[in-house]
Amino acid sequence: MTTGLFGYASAGKTTLFRALTGSVEEPEGFLAASEATGVFRDERLPALAAKTRASKTKFLRFTLSDRKGFPRTEGFPPGYFDSLIATDCVLCIVDNFSAGADPAGDIPSLMMECIFTDLERVETILASHREQQAATEERGAALEEAAALLRDEKPVSSLPSDQRNRLSDIRLVTAQPLLFFCNGSRRQVPSGVASLAGDARHPDAGRFYDFLLNASARTVFFTVKGDTAQAWSIESGTTAREAAGKIHSDIARGFIRAAALPYEEFMRAGSFQKARSAGTIRFLGPEELIPGASVVEFFFSR
Ligand SMILES: Nc1nc2c(ncn2[C@@H]2O[C@H](COP(=O)(O)OP(=O)(O)OP(=O)(O)O)[C@@H](O)[C@H]2O)c(=O)[nH]1
Ligand SMILES: [Mg+2]
C-alpha cells in the first residue's frame with residue numbers, strides 16, 4: 001500500500017516521511033516523488049511469534065511517497081498530481097505548528113485542489129466520450145455522475161461503490177481515501193475529516209499506521225507458517241479466497257477453507273489445536289469475509 005504525502009510547502013511532509021521511514025531523501029523537483037518504506041511494528045506480532053514459537057516476524061510495510069509542496073498562495077502547477085493518482089491513499093500534511101498556521105483554512109483548500117484536479121480530468125474524458133459515443137451508456141452515466149459530484153465539490157470516494165467501480169480504470173485523486181495529518185497543535189482542527197494530530201518530527205508510528213489502516217478501510221490479519229509469524233493488510237470486505245491469493249496464488253486456486261480466530265482468543269488458547277478442542281474456531285468458505293485482527297490458517301489442495 002502506497003500513501004502519497006501532499007500539502008503546502010513547509011507543512012512538515014519531508015519531516016514526517018524521514019521520521020517514519022528513516023530515509024534521508026528530499027524530493028528534488030515537484031514532479032519527482034521520493035519513495036521509502038516504513039515498518040509497522042505491531043506489538044501483537046512478536047507476542048504471537050513467542051506464543052507459537054515462531055523465530056521470525058514479518059511486520060507490515062507501508063510505502064510512503066513524498067513530493068515538494070507549493071505555498072498556499074501559489075497553488076499547484078499542471079502535472080503535479082500525476083504521481084498522486086498512482087497511490088492508494090492521499091495523506092495531506094497540514095501545518096499546525098507555525099505562527100501562521102491555519103488548519104481550518106488549509107484542510108478545505110487542499111481538498112478542493114484534489115477535487116478540481118479530478119473534475120478537470122473527468123470533464124476531459126467525458127468530452128471525448130461524448131464525441132466518440134463508443135463507450136457504453138453505463139460508463140457515460142458514471143462519468144456524468146462523477147462530474148456532477150465533483151462540481152458539487154465532493155470527492156469521488158463518496159459515490160456508491162457500483163458507480164465507483166465503473167470508473168476504476170481512471171486513476172483519480174479523490175477516489176482514494178483523503179486523510180489529514182495535522183502537524184502540531186497550535187489551533188483547533190475542524191471536525192468531519194479523517195485526521196490525526198501529531199508532531200511530524202516525532203510521530204508515534206504505531207498510532208500513525210493504525211490510523212492509516214482504519215481510515216483507508218483496511219484491516220490486518222496474522223498467519224503463522226513454519227518459523228514465521230506475519231502480518232498482512234487487506235481491504236475490509238476481502239473474502240477468504242482473495243486473502244489467500246495475497247499470500248500465494250496456489251493457495252487461492254486450491255482453496256478448501258480457512259480457520260480464523262480473533263487475535264485475543266488465539267492468544268488465550270495458545271494454538272489452533274487447543275482452540276479446536278474448545279470449539280471456538282470459525283471455519284470460512286471461499287466467499288466468506290476475513291474478520292479483522294484475526295489469526296488465520298488456510299487449507300488448500302495442491
Ligand atoms: N517547530 C516545528 N517545526 C517543524 C515541525 N515539522 C516540521 N518542522 C520544520 O518545518 C520546516 C519545513 O518542514 P519540511 O518537512 O521540510 O516541510 P515540507 O512539507 O517537506 O516542505 P516542502 O518540501 O518545501 O513542501 C523544517 O525546518 C522542519 O524542521 C513541527 O512539528 N514543529
Ligand atoms: Mg519536503
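The legends below describe views of a predicted model.

**Figure 1. Overall fold of the protein, with 10 helices and 12 strands.** Along the principal axes, the C-alpha atoms occupy a box of roughly 65 × 50 × 35 Å. Of the 302 residues in the protein, 34% are buried. Among contacts between residues at least 6 apart in sequence, 67% join residues at least 24 apart.

**Figure 2. Domain 1 and domain 2 of the protein.** The domain assignment places residues 2–42 + 61–214 in domain 1 and residues 237–300 in domain 2. The C-alpha centres of domain 1 and domain 2 are 34 Å apart.

**Figure 3. Helix α3, residues 103–132.** The 30 residues of helix α3 should span 44 Å at 1.5 Å a residue, and the end C-alpha atoms are 44 Å apart, so the two values agree.

**Figure 4. Buried residues of α3 and their packing partners.** Buried positions of α3 include Pro103, Asp106, Ile107, Leu110, Glu113 and Cys114. Also among them are Ile115, Thr117, Asp118, Leu119 and Val122. An α-helix has 3.6 residues a turn, so residues three or four places apart point the same way. The buried residues of α3 pack against the strands β1 (2–6), β5 (89–95) and β6 (178–183), and against helix α4 (137–151).

**Figure 5. The shell of 17 residues around ligand 1.** Gly12, Lys13, Thr14, Thr15 and Gly69 come nearest to ligand 1. Helix α1 (residues 13–21) contributes the largest share of this shell, 3 residues. By type, the shell around ligand 1 consists of 5 nonpolar, 8 polar and 4 charged residues.

Technical notes
Residues are numbered from 1 along each chain as its sequence is written. Chains are lettered from A and ligands numbered from 1 in the order in which they are written. This is a predicted model: local features need pLDDT of at least 70, side-chain atom pairs count only at pLDDT 80 or more; totals for chains, interfaces and linings use all residues. Helices (H or I, at least four residues) and strands (E, at least two) are DSSP runs, numbered from the N terminus. A residue is buried if 20 or more other C-beta atoms lie within 10 Å of its own, exposed if 12 or fewer, and partly exposed in between; C-beta atoms are placed from the backbone. Two residues are in contact if their C-beta atoms, placed from the backbone, lie within 7 Å. The expected span of a helix is 1.5 Å times one less than its number of residues. Domain bounds come from an automatic or database domain assignment. A residue is near a molecule or strand if its C-beta atom, placed from the backbone, lies within 6 Å of it. Ala, Val, Leu, Ile, Met, Phe, Trp, Tyr, Cys and Pro count as nonpolar, Asp, Glu, Lys and Arg as charged, and the others, Gly among them, as polar.
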